[in-house]
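Please read them with the structure open.

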Amino acid sequence: MGNLSLINLNNRSFGTVVNNDRNKNGRKETREQEIHEASDCIIENSFKNRAKIATDRFVNAFTIYPAKGLKGDKNSNFYEFLAMGTVPYILGSAALMAIAPIAKFYDKHGKKQASKYCNAFALGVLAYGVLKNVSKDFIKKPVKWVTGIDLDLPYKKIVRDLPSTSDGKVNANIEYHKVFESVDFTRTDLLYDYDKYGKKRGSYYDYIARKNGLGTNLNASDQKVKPFIHKVAVKERICETWSSYAWAILGVGLCMQKSTKEFFGLAPTSSGVQKFKPRNLWDKTKKLGKTMLESIKEMHSKKAGKALIYTAIASTILGNIITLTNNKPKKVKDEIKLNNKDSVVC
């Protein structure tokens, strides 16, 4: 039996035998070599994969990444830093939502005020986070349907750590990114071998070109498609940002309406705040749509409420119009005039 070495993939160690080779293209390859030669690849944007990615980032943000940072690990990177941004966001939201449950420890005046508002504030925090993320699809989905560009398309990145030991340990971690995560450094190289739309190299670019009227049977479809994707991605990112905040604020406003408070048992009564009973959740769920309509009517009866509602709707409509129009590259003139006398035919 050969020497035992450890291969660390995505922060999990696996014991393997170096001499346990496998054949690949007529040559032997160790498991260690396989890990080191692994390359970045696109993964399908399915619910299962999205759940896996979210769980991976969430768990690591609370466990592995902080531990590496506190130890001063030289392999801590910016991806891990950004992932840990969810920690203060979740803890802060939980703290705000906990104001109401601990109201019984307040003085008489504080308890009365908490009964009026704090439960609704807790629901508002939840609505803010949900609508802020869900509303992004109000623009992303139409972009995907019309242009074929999935701006949430994920890919798996293999990150090899700097060597830290001499005991044969190999560190190869996995990070999950999006192909269009950066509009300036889009991973367009991965799209050449993305074979969802055909086995031919570059079939993705051929598909986008056909779908958007950029041409068919092009010799270099990527040259036309890349500027098109860049333009769409830049505009979508801007529109998505301000639209998501408009919807998030609207969600908070809906939670402050009397109908919503009564639905969730948060409206104050003569005996205090109604207690929310989980066993009645199904009955309440069936009435959710009606409750939302009533809350919207309440908001619409006020000038500020009307402004919030129409701003959110307008941000989505305008965002889609801006993102989906005027994206085709301008046609280059066949003739370029020089000094108003001579011309060169391209």
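Which residues have the most contacts inside the largest nonpolar core?

1. Core. This is a predicted model. Its largest nonpolar core has 25 residues. I42, I149, F180, L191 and Y204 have the most contacts inside that core.

2. Tyrosine cluster. Ring pairs link Y204 with Y192, Y194, Y197, Y205 and Y207 into a cluster. In total, the structure holds ten aromatic pairs.

3. Geometry at Y197 and Y204. The ring centres of Y197 and Y204 lie 6.0 Å apart, with the planes at 50°. The pair is therefore tilted, because planes count as edge-to-face over 60 degrees and as stacked under 30.

4. Geometry at Y204 and Y205. Here the ring centres are 5.8 Å apart and the planes stand at 80°. That angle is over the 60-degree cut-off, so the pair of Y204 and Y205 is edge-to-face.

5. Exposure of these tyrosines. Is Y204 buried or exposed? Y204 is buried, at 2% relative accessibility. Y205 is buried too, at 1%. Y197 has a relative accessible area of 28%. Buried requires under 20% and exposed over 50%, so Y197 counts as partly exposed.

6. Pocket. How many residues line the largest pocket? The lining has 49 residues. R57, T86, N133, K136 and K178 lie nearest the centre of the pocket. The volume is about 2000 Å³.

7. Several helices give two or more residues to the lining: α2 (47-62), α4 (78-83), α5 (86-97), α6 (108-134), α7 (137-147) and α9 (221-255).

8. The lining of the largest pocket divides into 21 nonpolar, ten polar and 18 charged residues.

9. Cysteines. How many disulfides does a search of the whole structure find? The search finds zero. C239 is buried, with 3% relative accessibility. C255 is at 6%. That value is under the 20% cut-off, so C255 counts as buried as well.

Key
Residues are numbered from 1 along each chain as its sequence is written. This is a predicted model: local features need pLDDT of at least 70, side-chain atom pairs count only at pLDDT 80 or more; totals for chains, interfaces and linings use all residues. Side-chain values use heavy atoms; hydrogens and water are left out. On a 1 Å grid over the protein atoms alone, a cavity is a set of points where a 1.4 Å probe fits but cannot get out, and a pocket is an open set with protein on both sides within 12 Å along at least five of seven lines; lining residues have an atom within 4 Å of a point. Grid points are joined across faces, edges and corners, and a volume is the space filled by probe spheres set on the points. Helices (H or I, at least four residues) and strands (E, at least two) are DSSP runs, numbered from the N terminus. Ala, Val, Leu, Ile, Met, Phe, Trp, Tyr, Cys and Pro count as nonpolar, Asp, Glu, Lys and Arg as charged, and the others, Gly among them, as polar. A disulfide is a pair of cysteine sulfur atoms within 2.5 Å. Buried means under 20% relative accessible area, exposed over 50%, partly exposed in between (1.4 Å probe, protein chains only). Rings of Phe, Tyr and Trp (its six-membered ring) pair if their centres lie within 6.5 Å; planes under 30 degrees apart count as stacked, over 60 as edge-to-face and the rest as tilted. A nonpolar core is a set of buried Ala, Val, Leu, Ile, Met, Phe, Trp, Tyr and Cys residues joined through side-chain atoms within 4.5 Å.
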